[in-house]
Amino acid sequence: MSGNDLASIAQAMVAPGKGILAIDESLGTIRKRFDSVHVESTEENRRAYRELLITVPGGGEYISGMILFDETIRQHTRDGVPFVQVLADQGILPGIKVDAGAKDLAGHPGEKVTEGLDGLRERLAEYAQLGAKFAKWRTVITIGEGIPSSGCIEANAHALARYAALCQEAGLVPIVEPETLMDGDNTIERCYEVTELTLRTVFSELHRQRVVTEHTILKVNMVVPGKKCPDQAGVEQVADLTVRCLKNCVPAALPGVVFLSGGQSARDATVHLDAMNRKYPDLPWPLSFSYGRALQEPSLKAWAGRPENVEAAQAALLHREKCNSLAALGRYDESLEEAA
């Protein structure tokens with residue numbers, strides 16, 4: 001694939017007012033989500049739920065791409081239409097999660113490294129043949145006593161860079177996702193320090209592995225305090241520190257930045273994104289969203305495994321997609337929540 005093709009795909013992924021819906025939960029993760037609404041995680045239930053998400057009428061107005069799981073990219077609608085084709089017909093780019101998950105990093109207690117590089121070149125070729133236009137690889141950085149270590153950050157950055165280079169070789173746009181987790185009791189200032197160090201290391205490794213910046217999308221956490229921190233930050237502080245961190249670390253040539261929700265509530269993820277775009281309209285790159293739970297959760301609860309609830313579940317998802325589309329433009333209004 002030519003560089004121009006990758007550039008146009010990357011630009012389309014962060015088109016104004018559009019974001020990415022992540023429906024790439026592993027089998028273990030989706031089982032937990034289904035357990036929360038008392039639905040058994042069978043292959044057919046997973047297929048039916050993801051068909052619900054993929055076929056939302058009007059979703060293409062707000063969603064530029066969807067990140068699929070290996071099982072999902074091979075599935076069809078109940079009428080036999082491949083999911084990839086359904087997305088393409090809506091103008092939505094199909095993407096694929098390709099990492100094999102975060103595993104314990106040897107010699108580094110409490111830290112993880114993401115695996116999945118073995119055989120990745122061949123898997124990427126297959127996914128491209130199945131219709132994928134972009135891919136995603138997530139690493140997790142944990143904040144705790146004495147961690148993260150430089151060894152953990154560097155190991156994950158190197159894997160991200162090798163993955164991204166293989167994606168571009170295969171004609172896929174890589175989403176590079178280094179996530180600093182928000183599960184601890186750390187302050188927002190500590191999150192800033194770790195996120196900044198991680199991003200500096202990642203972009204250094206991307207450069208060393210000759211990854212083309214213009215053909216890469218960054219998916220990253222917002223700068224927020226840990227969930228257990230007694231001092232929770234306000235919306236303005238989250239917006240200010242997140243944007244400052246990005247401006248200090250992210251090359252202007254990058255096509256765009258999409259945020260993960262990272263365990264934030266659906267409303268918080270929307271409000272924070274809106275505040276950044278409202279306050280900082282002239283950044284070098286667009287700021288948009290690539291949410292999983294923060295988009296899906298209201299829809300999952302509305303569905304609860306019942307076919308008669310599909311319409312209500314799709315309406316719930318479309319509402320969240322619209323809210324975040326407006327937030328990506330700095331035009332979100334909280335009165336939309338009362339109207340829903």
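**View 1. Lys103 and Glu115 form a salt bridge.** In this predicted model, the closest N and O atoms of Lys103 and Glu115 are 3.9 Å apart. Lys103 sits in strand β4 (residues 102–104), while Glu115 belongs to the loop between β5 (112–114) and α6 (120–130), so this pair ties together parts that lie 12 residues apart in sequence. Lys103 is partly exposed, at 36% relative accessibility. Glu115 is partly exposed too, at 38%.

**View 2. Glu169 meets Arg121 in a salt bridge.** Here the side chains come together with an N to O distance of 2.7 Å. Follow the chain and you will see that the pair links distant parts: Glu169 is in helix α7 (residues 150–170) and Arg121 is in helix α6, 48 residues apart. Arg121 counts as partly exposed, with 46% relative accessibility.

**View 3. Asp70 pairs with Arg74 in a salt bridge.** Look for the closest N and O atoms of these two residues, which are 2.9 Å apart. Asp70 has a relative accessible area of 27%, which means that this residue is partly exposed. Arg74 is partly exposed as well, with a relative accessible area of 35%.

**View 4. Five residues are linked in a network of salt bridges.** This view brings together Asp24, Lys136, Arg138, Glu177 and Glu179. Why can such side chains pair? Side chains that carry opposite charges can do so when their charged atoms come close.

Methods. Residues are numbered from 1 along each chain as its sequence is written. This is a predicted model: local features need pLDDT of at least 70, side-chain atom pairs count only at pLDDT 80 or more; totals for chains, interfaces and linings use all residues. Side-chain values use heavy atoms; hydrogens and water are left out. A salt bridge is a side-chain nitrogen of Lys or Arg within 4 Å of a carboxyl oxygen of Asp or Glu. Buried means under 20% relative accessible area, exposed over 50%, partly exposed in between (1.4 Å probe, protein chains only). Helices (H or I, at least four residues) and strands (E, at least two) are DSSP runs, numbered from the N terminus.
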